[in-house]
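Here is a friendly note to read alongside the model. Please keep the structure open and find each residue as you go.

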Amino acid sequence: MTDYQENFIQKMRFYRKRAGITQAGLAELCSVSNGTIGNIECGITKPSFDLIIKIAESIKVQPAELFKTEIVSPSWEEKLSKTQVEIVKESLHSAMDEVVNKALSDIKFKIDHS
């Protein structure tokens, strides 16, 4: 497998996961079998030009993105599922509410007792 093919596979997998799409979901969007997507991501087969276009459209990137050679460093949000991101955001929001309410309570106590 060439470096270019390995790069394509990594980018395809990264953007597919970032879009929250499974291999089966991508196969359905591209009108190919599940095995086709799996074989591409394993480097067993190479996609046609038309399939590359369908893959890119399905995972919401320009086809050229799949061939760029710079390393993509995903943010913490991209490493988590959408559900996990929502849980983290809700936890942070709840923690902030607690901190703010505690601070306001402390301020009110100091004002009432001064």
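1. Let's begin with Lys 68, which is partly exposed because its relative accessible area is 35%. Here buried means under 20% relative accessible area, exposed means over 50%, and partly exposed lies in between (1.4 Å probe, protein chains only). Lys 68 forms a salt bridge with Glu 65, and their closest N and O atoms are 2.6 Å apart. A salt bridge is a side-chain nitrogen of Lys or Arg within 4 Å of a carboxyl oxygen of Asp or Glu.

2. Before going further, please note that this is a predicted model, where local features need pLDDT of at least 70 and side-chain atom pairs count only at pLDDT 80 or more, while totals for chains, interfaces and linings use all residues. Residues are numbered from 1 along each chain as its sequence is written, and side-chain values use heavy atoms, with hydrogens and water left out.

3. How many salt bridges does the structure hold? There are three salt bridges. One of them pairs Arg 16 with Glu 41, at 2.6 Å from N to O. Since Arg 16 lies in helix 1 and Glu 41 in helix 3, the pair ties together parts that are 25 residues apart in sequence. Helices are DSSP runs (H or I, at least four residues), numbered from the N terminus.

4. Glu 41 also forms a salt bridge with Arg 13, and here the closest N and O atoms are 3.4 Å apart. This pair links distant parts of the chain, with Arg 13 in helix 1 (residues 3-18) and Glu 41 in helix 3 (residues 34-41), 28 residues apart.

5. Arg 13 counts as partly exposed, at 26%. Salt bridges that share partners join Arg 13, Arg 16 and Glu 41 into one network.

6. Now for a negative surface patch, formed by Glu 86, Glu 90, Asp 97 and Glu 98. Patches are made of residues with over 30% relative accessible area and no salt bridge, with like charges joined within 9 Å. Asp and Glu count as negative. Glu 90 sits in helix 6 (residues 82-112), and this residue is partly exposed because its relative accessible area is 47%.

7. Two backbone angles deserve a look. Most residues other than glycine have a negative phi. Ser 31, however, has a positive phi near 60 degrees; this residue is in the loop between helix 2 (23-30) and helix 3. Ser 31 counts as exposed because its relative accessibility is 62%.

8. Lys 60 also has a positive phi, near 60 degrees. You will find Lys 60 in the loop between helix 4 (49-58) and helix 5 (76-79). At 68% relative accessibility, Lys 60 counts as exposed.

9. Finally, the cysteines. A search of the whole structure finds zero disulfides, a disulfide being a pair of cysteine sulfur atoms within 2.5 Å. Cys 30 counts as buried because its relative accessibility is 0%, whereas Cys 42 counts as exposed, at 54%.

Technical notes
Patch = residues over 30% accessible without salt bridge, like charges linked within 9 Å, V, L, I, M, F, W, Y side chains within 5 Å. Areas by Shrake-Rupley, 256 points an atom, 1.4 Å probe, with all protein chains shown as cover. Charge placed at Lys NZ, Arg CZ, Asp CG, Glu CD. Helix = DSSP H or I, 4+ residues; strand = E, 2+ residues; numbered from the N terminus.
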